Amino acid sequence: TLVQLTELYRGTKSKQYTKFVNTDALKGYGAGKKYTKIELDLIVHAMVFDGIIEELSEGMDNGFSADYVHLGPKAPAVRNGNHQFFVDFPIAAGKKESKKSSS
């Protein structure tokens, strides 16, 4: 899910998100620890809106559905450097510049 993606990127140790994941082998695990949850939520949702990742609902045998994150149509262009992705963060009170995130 998008929540699990952001938590793993932040480096969570919570078993809720790491129970079935080998974090030692997970590239990028903890790389986003400098961001707040709110900032990462903005980044991930901007990636969805830009078509870099998609959250798709998949039906389960028990009648429920689960949402999974997949690469979107623009993901290959980001990987090979043909598409740049930026997120402008709102300026907090008392600050003069906004942060930018790029991938």
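Predicted model: local features only at pLDDT ≥ 70, side-chain atom pairs only at ≥ 80, totals over all residues.

The residue in question is Thr18: in which helix does Thr18 lie, is Thr18 buried or exposed, and with which residues is Thr18 in contact, leaving aside its neighbours within four places in sequence?

Analyst: Thr18 belongs to helix H2, which covers residues 15-18. Its relative accessible area is 11%; the cut-off for a buried residue is under 20%, so Thr18 counts as buried. When neighbours within four places in sequence are set aside, the contacts of Thr18 are Leu8, Thr12, Lys13, Thr23 and Tyr29.

As for the setting, the protein chain contains four helices and four strands. Read from the N terminus, these elements follow the order α-α-α-β-β-α-β-β. Of the 103 residues in the chain, 27% are buried, and Thr18 is one of the buried residues. The chain exposes about 7700 Å², of which carbon and sulfur atoms supply 54%. Among contacts with a separation of 6 or more, 33% join residues 24 or more positions apart.

The mean pLDDT of the chain is 86, and 89% of the residues score at least 70. Among the elements, helix H4 (residues 75-79) has the highest mean pLDDT, at 95, whereas strand E4 (residues 100-102) has the lowest, at 55.

Conventions. Residues numbered from 1 in each chain as written. Heavy atoms only, no water. Helix = DSSP H or I, 4+ residues; strand = E, 2+ residues; numbered from the N terminus. Buried < 20%, exposed > 50% of the residue type's maximum accessible area, 1.4 Å probe, protein only. Contact = heavy atoms within 4.5 Å. Areas by Shrake-Rupley, 256 points an atom, 1.4 Å probe, with all protein chains shown as cover. pLDDT = per-residue confidence, 0-100.
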